[in-house]
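I set out to look up how this protein is built, from its overall fold down to single residues. The entries below follow the order in which I consulted the structure.

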Amino acid sequence: MNPLSVLDIPLRKALQLFYARRALRRSILKDDIRLDRKKEAGGTRSRGGDFYLPFWSDVKKHISGDGELADLTTDRIASNENYKRLYPLLKEGVLELLSAKLRWSNEPVEIIPQSVHGILRIENLGGTVRIRDALHARVREKYTRVVYPYFSEEPALPEEGGRLGLWAMQQALEGLDPNDMRIIDPLRRTFFSPETTSLQGTEEAIFNDKYRSLIDEWERLRLE
């Protein structure tokens, strides 16, 4: 496998790096380079698991009626002090989105058992952008939603970033209705959908341009 981890990157991390201020972007990239070199030396590249995965699992339980997110979050914090600061903020953001903006309140929601995964290959750059564990929900028999979370504290996901994320989802998640795609930013209590954030037809070019810039910076930092 190519050691360049930006060439195999989760969508949410790509979006964060596209819009992060320069110092944060460099810090994240340098950290990744250190992990890559550790792996090249025979170690492991793991950071010890996805910090947000337990929370996202609890969101799915909440939506499907298998638990209350407030209680589930309390239990998570009791099991791991590292969740104490961010999980309550994420919980409040998700609950507001569900009740006020995603219009799922008081409607039976079925979580479709298989989470949604997809791959967007950027052939001209040799890159792979991954979408993992998107929530796939059916609301009664009326409609379905495919929801992908953006969890980063910094930066907030701008409108353009929402469009790029939706475009990437529509390319990567084949066989699903593009109009069902949603990206949520719980910390800002915002979400992006094709209805609220119309694609303009320039998303592929902008995504490729930002991704190329990211790879170029990565390569420069590796040489430093």
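**Entry 1: the whole chain.** I began with burial and found that 50% of the 224 residues of the protein count as buried. I note here that the model is a predicted one. I then turned to the secondary structure and recorded 7 helices and 7 strands. Along the sequence I read the pattern β-α-α-α-α-α-β-β-β-β-α-β-β-α.

**Entry 2: dimensions and surface.** I looked up the radius of gyration and found 18 Å; this agrees with a compact globule, because a globule of 224 residues would have a value near 17 Å. Along the principal axes, I found that the C-alpha atoms fill a box of roughly 55 × 45 × 30 Å. I noted an accessible surface of about 11,300 Å², with 47% of this area belonging to carbon and sulfur atoms. I also checked the charges: the mean positions of the 36 positive and 35 negative charges lie 4 Å apart. For contacts between residues at least 6 apart in sequence, I recorded that 70% join residues at least 24 apart.

**Entry 3: helix 2.** I followed helix 2 through residues 22-40, which makes 19 residues. From its first C-alpha to its last, helix 2 reaches 27 Å, close to the 27 Å expected at 1.5 Å a residue. Which residues of helix 2 are buried? I listed L24, R25, R26, I28, L29, D32, I33, L35 and D36. I then asked what these buried residues pack against, and found helix 1 (11-19) and helix 7 (203-223). Just after helix 2, I came upon G42, which has a positive phi of about 105 degrees.

**Entry 4: helix 3.** I next examined helix 3, residues 53-63, and found it mostly covered, with 8 of its 11 residues buried. The buried residues are P54, F55, W56, D58, V59, K60, H62 and I63. Just after helix 3, I noted a positive phi of about 85 degrees at G65.

**Entry 5: the loop between strand 5 and helix 6.** I located L157 in the loop between strand 5 (143-149) and helix 6 (159-172). Is L157 buried or exposed? I record L157 as buried, because its relative accessibility is 6% and the cut-off for burial is under 20%. Leaving aside residues up to four places away in sequence, I found L157 touching L15, Y150, G162, I183, D185 and F192. I also compared L157 with F18: the two are 139 residues apart in sequence, and their C-alpha atoms are 9.7 Å apart in space. P155 has its place in the loop between strand 5 and helix 6 as well. I noted that a cis peptide bond joins E154 and P155, with omega at about -5 degrees.

**Entry 6: backbone angles.** Where does D133 lie? I placed D133 in strand 4, residues 127-139. Phi of D133 is positive, near 65 degrees. I count D133 as buried because its relative accessibility is 19%. I then turned to R189, in the loop between strand 6 (181-185) and strand 7 (190-192). Phi of R189 is also positive, near 55 degrees.

Definitions and conventions:
Residues numbered from 1 in each chain as written. Predicted model: local features only at pLDDT ≥ 70, side-chain atom pairs only at ≥ 80, totals over all residues. Heavy atoms only, no water. Helix = DSSP H or I, 4+ residues; strand = E, 2+ residues; numbered from the N terminus. Expected span 1.5 Å × (residues − 1). Buried < 20%, exposed > 50% of the residue type's maximum accessible area, 1.4 Å probe, protein only. Contact = heavy atoms within 4.5 Å. Rg over C-alpha atoms; globule rule 2.2 N^0.38 Å. Areas by Shrake-Rupley, 256 points an atom, 1.4 Å probe, with all protein chains shown as cover. Lys, Arg positive; Asp, Glu negative; His and termini not counted. Charge placed at Lys NZ, Arg CZ, Asp CG, Glu CD.
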